[in-house]
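I opened a new model today and kept notes as I went.

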Amino acid sequence: MSHLLLTVPIGLISLGVVTFASAIVHVALGVVVPIAWLLSGPLVFNRRVETAIAQRMFGMRRPSPEEARRLDAVWEQVTRRAGVDRENYELWVQERAGLNATAAAGHIVAVTRHALDGLSNARLAAVLAHELGHHVGGHTWAAMLADWYAMPARVAGRLVLALIVFLFGVRNKAGFACGGCLTLMIGWFLFNLTVVQGMWWLVVPVTVAPLLVAWLHRHAEFKADAYAVGLGFGEALEDVLVREGRGEAAASLPPGTPAPPTPAPPMLPPVPAPPDGTPSASRAAHANVEARLRNVRLVMSGQLRR
């Protein structure tokens, strides 16, 4: 719900973009199309629409019979521990590097091909449990609705930015003059909207919202990790994060540099458990592997104390 509330200001801008664009075509469309767009949000949870999103936006595919047999066996273990109906979700495969999976739309869990090839069943179960935590926590449907209603505003913003870059990139007086005028017009519009019209309540949240949404994404990763730990997959998830961290470190080395030796999995550090027993969430914008690993160990440490 916090994610959706943060999207309200940019959603209002999207509504204005849809209304303006449709009214240009026909005045009547300026009323019909915005209403239809507002009512179209729940369609992203339709199974056919989810399938199209998974295939075209995320590059996912249905698992082969051999992959399906393995995934079904692991998924059955995860859903049995969680006490959820396994038939509520569909398992897909994503041709992408990385030892992870993706919770998409409202009913899809996709695991990367690299994770299928490189993880044992226990570690694969931990990864799937993490993605199930996103679904159970409502993170996926909130993100889908937020992205849907923010899309027109983002597309319009990117088109305007691309036009400004193009005009300045022409490198002649006419292009530079047009780009400068367009930039000044946008600046004056924002100033007039914020100061003169007193609509700072719309402009300021739109400016700050990306930072807060990034923090919510980070917090959602921590919550999903805690969910997997609560199902008993803590050690396996820790192993996956350690391996993923080593992969990121190796990828950052200059070409030709030998990879560092693989150390033994680190032991749980003696960290204090928070008073309420909930996992800590940093205010940084991105839940990187190191931060997630610290959080997983913190939750596991709290379980050991209890």
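I set one term before starting: a crossing is right-handed if the near helix is turned clockwise from the far one by less than a right angle, and left-handed if anticlockwise. I also noted that this is a predicted model.

**Overview.** I looked up the secondary structure and found 10 helices and four strands in the protein chain. Read along the sequence, the pattern is α-α-α-β-α-β-β-β-α-α-α-α-α-α. The chain has 306 residues, and 37% of them are buried. I then checked contact range. Among contacts with a separation of 6 or more, 70% join residues 24 or more positions apart.

**Helix 4 and helix 6.** Helix 4 passes helix 6 in a right-handed crossing.

I listed the residues that meet. Helix 4 brings Arg70, Leu71, Val74, Trp75, Gln77, Val78 and Ala82. Helix 6 answers with Asn121, Leu124, Ala125, Leu128, Ala129 and Leu132. By class, I have 10 nonpolar, two polar and one charged residue in this contact.

**Helix 1 and helix 2.** I turned to helix 1 (residues 2-25) and helix 2 (residues 29-39). They pack at an angle of about 140 degrees, with axes 7 Å apart. This crossing is right-handed as well. From helix 1 I noted Gly11, Ser14, Leu15, Val18, Thr19, Ser22, Ala23 and Val25. They meet Leu29, Gly30, Val33, Pro34, Trp37 and Leu38 in helix 2. The contact has nine nonpolar, five polar and no charged residues.

**Cores.** Which residues touch the most other members of the largest nonpolar core? I found Leu71, Trp75, Val78, Val111, Leu124, Leu128 and Phe233, out of 35 residues in that core. Several elements each supply at least two residues: helix 4, strand 2 (90-94), strand 4 (108-112), helix 5 (113-118), helix 6, helix 9 (200-251) and helix 10 (289-305). Helix 9 gives the largest share, 10 residues. I also logged a second, separate core of seven residues, which includes Trp37, Val44, Leu145 and Tyr149.

I followed Val78 on its own. Leaving out residues up to four places away in sequence, Val78 touches Ala125, Leu128, Ala129, Leu132, Leu231 and Phe233.

**His130.** Is His130 buried or exposed? I located His130 in helix 6. Its relative accessible area is 4%. The cut-off for buried is under 20%, so His130 counts as buried. Beyond four places in sequence, His130 touches Glu221, Ala224, Asp225, Ala228 and Arg292.

**Gln55.** My last stop was Gln55, in helix 3 (residues 47-56). I read 42% relative accessibility, so Gln55 counts as partly exposed. Setting aside neighbours within four places in sequence, Gln55 is in contact with Met60 and Trp92. Gln55 and Trp92 are 37 residues apart in sequence. In space they are 9.7 Å apart, C-alpha to C-alpha.

Notes: Residues numbered from 1 in each chain as written. Predicted model: local features only at pLDDT ≥ 70, side-chain atom pairs only at ≥ 80, totals over all residues. Heavy atoms only, no water. Contact = heavy atoms within 4.5 Å. Nonpolar A, V, L, I, M, F, W, Y, C, P; charged D, E, K, R; others polar. Core = buried A, V, L, I, M, F, W, Y, C linked by side-chain atoms within 4.5 Å. Buried < 20%, exposed > 50% of the residue type's maximum accessible area, 1.4 Å probe, protein only. Axes fitted to C-alpha atoms, helices over the stretch in contact; angles between N-to-C directions.
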